[in-house]
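Dear colleague,

Please find below the structure that I am handing over to you. My notes on it follow directly after.

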Amino acid sequence: MTSTRSAVVLGGGMAGMLVSSMLARHVGSVTVIDRDEFPSGPQLRKGVPQARHAHILWSGGARIVEELLPGTTDRLQAAGAHRIGIPDGQVSFTAYGWQHRFPEAQFMIACSRALLDWTVREQALRDGRISLSEKTEVLALLGDAGRVSGVRVRDGESGAERELAADLVVDTTGRGSPLKRLVAELGVPAPEEEFVDSGMVYATRIFRAPEAAAVNFPLVSVHADHRAGRPGCNAVLMPIEDGRWIVTVSGTRGGEPPAVDEEFVTFAREGVRHPLVGELITKAQPLTSVERSRSTVNRRLHYERLAAWPEGLVVLGDAVAAFNPVYGHGMSAAAHSVLALEKQLRERPFEPGLARAAQHAIALAVDDAWVLATSHDIGYPGCRTRTRDPRLTRHAGERQRVTDLVGATATRNRAVNRAAVALNTLSATMASMQDPEVMAALRRGPEAPVLTEPPLHTDELARLASGAGVTA
């Protein structure tokens, strides 16, 4: 590849910055286009309204971020992010009961989305080959149905329009991506679209953690039982930077959480299957009001299934597959998509067929996350769907039986838990569940006793005793 080649990336969020960093290895210049004005520090921005809710960067994505942007993990931790081992650093009431806190198998990075985005953006923009055009709107793709050769953009302040030529245009503009319209203007037909919409609503508040629990405190989660035949309600308490807890409660259609501050703790105590999260925050100091979001539909656009696809155009991230955020897979799936694109760039550098091959590779990269998210959601009352995926239709019952067997065994069997955690953190693929050792562990079944109380450690309970109001 020659250094004279250029790329344009649409969208400056997590996916956009990761793909820009990757592309800078292969081209001479990368221009990132975003309609937002970016903050100078770890603050929220208009273009990412969902950033107010809890976001998890699983180890499967965190390792890719570190590979693309070495030193990012250290910078995040230096800024107060928590590295939480899974499952030992987690107190989790799953659909199948309390999870034993086995030794660490994987990990997560826990911090505010604002800190995560800002740190990744700062790391990426240190590369002189990457430039950022803020407050800039994409008007059209240049080229035709056979090849995209750049974009036409408009400056949000002056209104001036300009054209940017590029050897590769990558769309990472997320759920609100205009790409369907932009490619239609070139004569490219609409892609097949499927969705699974459980009606999930999110509500989030940030609290000041009790001083004794501000560091080295586990992530606490109470999950719905998708088998119960009633709305799925969840609660997650996640330690973030500056001695704070971000608490997100959620509920599917018919079980939506409240929009008012006065009812938030009550929902966390009474609206979910166990009151632990509600008890923990009863005496914690709230720092924000409730923020709600309904942008939770699992939605997938199958650009890879089109009979023809323009050279020079690739789409990834939420613009291809967006997931219910309760599973925390969006950022890690996007990171895997970036590596899938890079693999195609290495194998066929700017050769004919690159873009089409990349879309197929990206579709494969997001597939496990898609099945993991939709398999549970599709069972909730009132879930609305449009899909012809046999895994979610005629084979759904069989798949759910296997999922339930793995989930129930993983709470009490270390080997099965290790495999399940690797899959759920997108550190391994579904094929890994067929490993002979995993299958043998499944046949052995549960090995640890059933936990009847939250598995908080003695020191954690002691630290909370001064006022968090939790009972063991």
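**Helix 10 and its surroundings**

Helix 10, which covers residues 396–410, is 15 residues in length and spans 21 Å from its first C-alpha to its last, close to the 21 Å expected at 1.5 Å a residue. Please note that this is a predicted model. The buried residues of helix 10 are Gln-400, Asp-404, Val-406, Gly-407, Thr-409 and Ala-410. They pack against helix 9, helix 11 (414–424) and helix 12 (436–444).

An open sheet is formed by 4 strands in the order 22-20-13-23, and the pairing is antiparallel. Strand 22 (321–322) and strand 23 (384–386) are the edge strands; each has a single partner strand, so one side of each has no neighbour in the sheet. Strand 13 (residues 192–197) and strand 20 (residues 298–302) run antiparallel and are joined by 5 bridges. In general, the strands of a sheet pair through backbone hydrogen bonds, in either a parallel or an antiparallel manner.

Helix 9, residues 354–377, lies across strand 13, strand 20 and strand 22. Relative to strand 20, helix 9 runs at about 145 degrees.

**Nonpolar cores**

The largest nonpolar core comprises 95 residues, and Leu-23, Leu-141 and Trp-309 have the most contacts inside it. Helix 9 is the element that gives the most to this core, contributing 11 residues. Which residues does Trp-309 contact, leaving aside its neighbours within four places in sequence? They are Ala-145, Leu-179, Val-183, Val-188, Tyr-303, Val-315, Ala-355, Arg-356 and Gln-359. A second, separate core has 29 residues, among them Val-91, Ala-214, Phe-217 and Phe-267.

**Cysteines**

The structure contains 0 disulfides. Cys-233 is in no disulfide, and the nearest cysteine sulfur, that of Cys-383, is 14 Å away. A disulfide would require the two sulfur atoms to be within 2.5 Å. Is Cys-233 buried or exposed? With a relative accessibility of 10%, Cys-233 counts as buried, because the cut-off for that class is under 20% relative accessible area. Cys-111 is likewise buried, with a relative accessible area of 3%.

With kind regards

Technical notes. Residues are numbered from 1 along each chain as its sequence is written. This is a predicted model: local features need pLDDT of at least 70, side-chain atom pairs count only at pLDDT 80 or more; totals for chains, interfaces and linings use all residues. Side-chain values use heavy atoms; hydrogens and water are left out. Two strands pair if DSSP finds at least two bridges between them. Helices (H or I, at least four residues) and strands (E, at least two) are DSSP runs, numbered from the N terminus. Contact means heavy atoms within 4.5 Å. Axes are lines fitted to C-alpha atoms, for helices over the stretch in contact, and angles run from 0 to 180 degrees between N-to-C directions. Buried means under 20% relative accessible area, exposed over 50%, partly exposed in between (1.4 Å probe, protein chains only). A nonpolar core is a set of buried Ala, Val, Leu, Ile, Met, Phe, Trp, Tyr and Cys residues joined through side-chain atoms within 4.5 Å. The expected span of a helix is 1.5 Å times one less than its number of residues.
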